[in-house]
Amino acid sequence: MTIRLGVPSKGRLMEKTFEWFAARGITLQRTGSDREYAGAVGGIEGVSLMLLSAGEIPRELAAGRIHLGVTGTDLIEEKLALWDQLVLPVEELQFGHADLIVAVPAAWRDVDTLDDLDAAAAAFRARHGFRLRIATKYHRLVREFLRSAGVADYALVDSQGATEGTVKNETAEAIADITSSGETLRANHLKILSDGLILKSQATLWRSRTAEMNDTERTTLAALLGKLS
Amino acid sequence: MIPTRSETLAKAASLRAVFEAQGAVVVEPPILQPAETLLDLYGEDIRARAYVTSDAMRGEQMLRPDYTVPVVQMHMAHGAEPARYTYAGEVFRRQERDPARANEFIQVGYEVFDRTDPAAADAEVFALISQALSGLLVKPVTGDIGVLMAAVEGLETTQKRKDALMRHIWRPRRFRALLDRFSGKTAVPASRAALLAGNVHTAAPLIGLRSAQEIEDRIEALRADAAAPAISGEQVSLIAALLDIREVMPNALSRLHDLAVDLPAISGAVDRVAARSDALVARGIDTATLVFDAGYGRVSMEYYDGFVFGFRADARPDLPAVASGGRYDALTRRLGQGGEIPAVGGVMRPGLMLELEGVQ
């Protein structure tokens with residue numbers, strides 16, 4: 001049996017992950033055609049590569065179907081309740097930096113903090129008859145963040161993409177989303193609340209706490225982690 | 001020992017029979033509840049507690065997280081007065097933090113809708129539940145959210161500030177932060193000071209539903225608030241002194257009476273606590289050992305606005321309350337479409353009761 005390593009299956013995240021492992025003497029590559037999610041591992045014996053969607057890697061780690069996986073802190077914390085009992089961060093990979101933030105229209109001169117957002121939400125609800133809508137795909141993280149900050153009278157609306165456009169389209173009044181440079185936010189006339197940082201995320205190598213291992217696999221894992229750290 | 005489901009159901013049936021013997025009508029509201037009502041009452045927080053499902057026809061539905069809301073709706077729609085209801089069945093609670101907590105359990109409840117004597121109704125619910133729990137090593141705690149609400153209403157400050165504090169009664173940290181702000185204990189954030197000084201400008205185009213008028217209105221409200229005098233340190237310490245009360249009933253009452261001298265607005269609410277105490281004694285409850293905690297019930301569901309109580313197992317701090325309840329007059333107003341009626345109720349968890357019987 002082998003140590004199973006899960007890596008994002010496409011785009012920059014995959015390329016950067018491959019580079020990060022290559023710099024440590026482990027070559028990862030895709031095999032077969034570009035559409036096939038199979039891979040090969042060089043530089044060490046007994047490790048197999050699974051190419052997976054970054055969003056599925058948390059679940060696979062939690063279920064113990066992979067021993068190691070690369071994905072963002074944001075996805076681990078959003079998708080896994082009690083994540084620290086299921087997975088262990090091994091190494092931060094220093095790329096894929098992104099912040100999960102709360103943003104409102106830049107024209108809202110009166111709103112700079114969560115305190116302001118709460119007060120604006122109360123007035124908005126009284127005026128419009130429904131709660132101030134915040135578009136996001138990170139429901140759990142955003143709800144917990146706003147609850148601990150004591151923000152009330154808001155409703156989360158689901159947005160799986162182009163979240164920055166929801167305010168202009170009037171399907172939401174504010175957003176909570178991942179941003180790396182803030183460029184897209186500015187282009188969409190949005191600003192980040194000064195205390196609106198929910199989570200700082202980056203691509204991270206995680207180890208499953210639940211995946212089973214025999215002695216051979218344990219040795220392989222130790223050798224692999226030795227090369228990576 | 002964790003009891004089996006059939007043992008729990010048998011226990012639930014016998015508890016419900018106790019309430020039926022008091023003249024309560026058995027009600028069985030549906031498991032699926034329209035999500036809209038619950039979202040409207042609790043906001044987004046309910047999604048962390050209740051399971052949501054949906055279909056294309058009825059939209060979002062929730063698996064009932066408790067019985068109180070559907071029972072109130074049913075009573076307000078076509079209930080006769082006065083009324084006593086009882087029920088037994090599953091409630092569902094989403095668990096995201098503690099895997100040891102049940103996400104589905106049996107609840108037995110008793111709800112009283114009666115205008116004649118609220119103190120007696122409070123005592124009736126508490127005493128019946130207390131009797132049903134007799135023999136178990138559980139301890140009750142009582143409180144009264146109405147006293148804190150009266151104290152807030154009695155503060156010498158603007159109505160807007162009182163409303164803001166009232167809105168966050170059930171979020172103690174936020175409440176504290178607001179009180180610190182209104183009393184000048186925490187400084188005005190730099191961004192707000194700049195805004196009030198007229199130094200915040202933006203060239204960004206206004207997008208979204210919130211209008212320029214709403215922004216101007218809020219800035220105006222902030223200006224008015226900045227001009228209003230701070231809540232005095234004396235008043236803030238009176239609130240702190242109130243929240244600090246955690247004593248057996250006779251001592252708590254004497255401290256409440258003392259506070260009412262400086263905070264006359266709470267007199268009516270304190271009289272209600274005293275009347276309830278007498279009603280409890282009349283029901284055979286030993287109030288000399290009964291704890292009254294003025295801050296109790298502030299982190300639970302936000303519909304209780306008067307008497308609150310809970311029973312917990314001494315030896316099992318890991319377990320949730322075995323029984324809990326309280327008065328929810330305001331909920332009947334919100335769900336009553338113009339009507340309202342004083343109402344009080346409580347629930348027990350037969351599964352936990354059996355578990356405790358097993359270890360004793």
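Colleague: Among contacts in chain B between residues at least 6 apart in sequence, what percentage joins residues at least 24 apart?
Modeller: This is a predicted model, where local features need pLDDT of at least 70 and side-chain atom pairs pLDDT 80 or more, while totals for chains, interfaces and linings use all residues. Residues are numbered from 1 along each chain as its sequence is written, with chains lettered from A and ligands numbered from 1 in the order written. Two residues are in contact if their C-beta atoms, placed from the backbone, lie within 7 Å. For pairs at least 24 apart in chain B, the share is 72%.

Colleague: What radius of gyration does chain B have?
Modeller: The C-alpha atoms of chain B fill a box of roughly 70 × 60 × 40 Å along the principal axes. For 360 residues, a compact globule would come near 21 Å (2.2 Å times the number of residues to the power 0.38, over C-alpha atoms). Chain B agrees with that, at 23 Å.

Colleague: How much of chain B is buried?
Modeller: A buried residue has 20 or more other C-beta atoms within 10 Å of its own, with C-beta atoms placed from the backbone. Of the 360 residues in chain B, the buried part is 39%.

Colleague: Which helix supplies the largest share of the side of chain B that touches chain A?
Modeller: The contact takes 33 residues from chain A and 30 residues from chain B. Helices here are DSSP runs (H or I, at least four residues), numbered from the N terminus. H3, H8, H9 and H10 of chain B each supply at least two residues of this side. The largest share, 5 residues, comes from H10(B).

Definitions and conventions. Buried ≥ 20, exposed ≤ 12 C-beta atoms within 10 Å, placed from the backbone.
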